[in-house]
Amino acid sequence: MQPVVDNFEVLRVGCRLDSDPNVCQPVILPKKHHLTEVIVCHVHQVELQHVGGANRTFSQLSTKYWIIGGRNHIRSIVGKCAKCQNLLCIVEGLLEPKPSP
């Protein structure tokens, strides 16, 4: 697939179909860019509400965005999520409930 520049000078993944460019041609984002991290965090925290992990976040993002090296980058961002780590510890029994006074 060839990258394509659309009418708004946004770099997108090329597509052979003549359908809606927002559906068929996701926006290409660089891996190590602040905007990419903001978008990934927004999808993980707001749209998915910390449910589903990196694979679900990647699936949700891939409908609109194509992140270079995306799966590994999303895995590293979601892996650093403090709320998800805390929930995982509680579920696995690693974090004991606070004793009552």
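Ile-74 touches Val-40, Ala-54, Thr-57, Phe-58, Leu-61 and Ile-67, leaving aside residues up to four places away in sequence; a contact here means heavy atoms within 4.5 Å. The model is predicted, so that local features need pLDDT of at least 70 and side-chain atom pairs count only at pLDDT 80 or more, while totals for chains, interfaces and linings use all residues. Residues are numbered from 1 along each chain as its sequence is written, and side-chain values use heavy atoms, with hydrogens and water left out.

Ile-74 is one of the twelve residues of the largest nonpolar core, which also includes Val-27, Leu-29, Ile-39, Val-40, Val-43, Leu-48, Ala-54, Leu-61, Ile-67, Ile-77 and Val-78. At least two residues of this core come from each of strand 3 (27-29), helix 2 (34-47), helix 3 (53-61) and helix 4 (70-79). A nonpolar core is a set of buried Ala, Val, Leu, Ile, Met, Phe, Trp, Tyr and Cys residues joined through side-chain atoms within 4.5 Å. Buried means under 20% relative accessible area, exposed over 50%, and partly exposed in between (1.4 Å probe, protein chains only).

The protein contains five helices and four strands, in the order β-β-α-β-α-α-β-α-α from the N terminus. Helices (H or I, at least four residues) and strands (E, at least two) are DSSP runs, numbered from the N terminus. Of the 101 residues, 27% count as buried. Among contacts with a separation of 6 or more, 40% join residues 24 or more positions apart.

Helix 2 has 14 residues and spans 19 Å from its first C-alpha to its last, close to the 20 Å expected at 1.5 Å a residue; the expected span is 1.5 Å times one less than the number of residues. The buried residues in helix 2 are Thr-36, Ile-39, Val-40, Val-43 and His-44. Seen down the axis of helix 2, these residues fall within an arc of 120°, so they line one face of the helix. The arc is that of the directions from the helix axis to the C-beta atoms. Thr-36 is buried, at 1% relative accessibility, and touches Leu-29, Pro-30, Lys-31, Ile-67 and His-73, not counting residues up to four places away in sequence. Gln-49, which follows helix 2, has a positive phi, near 50°.

In helix 3, the buried residues are Ala-54, Thr-57 and Leu-61. Viewed down the axis of helix 3, they fall within an arc of 65°, so they line one face of the helix. The buried residues of helix 3 pack against helix 2, strand 4 (65-67) and helix 4.

Ile-77 is located in helix 4 and is buried, with a relative accessible area of 14%. Apart from residues up to four places away in sequence, Ile-77 touches Glu-37, Val-40 and Cys-41. Between Ile-77 and His-44 there are 33 residues of sequence separation and a C-alpha to C-alpha distance of 9.4 Å.

The whole structure has zero disulfides, a disulfide being a pair of cysteine sulfur atoms within 2.5 Å. For Cys-41, which is in no disulfide, the nearest cysteine sulfur is that of Cys-81, 7.8 Å away. Cys-41 is partly exposed, at 28% relative accessibility, whereas Cys-81 is buried, at 9%.
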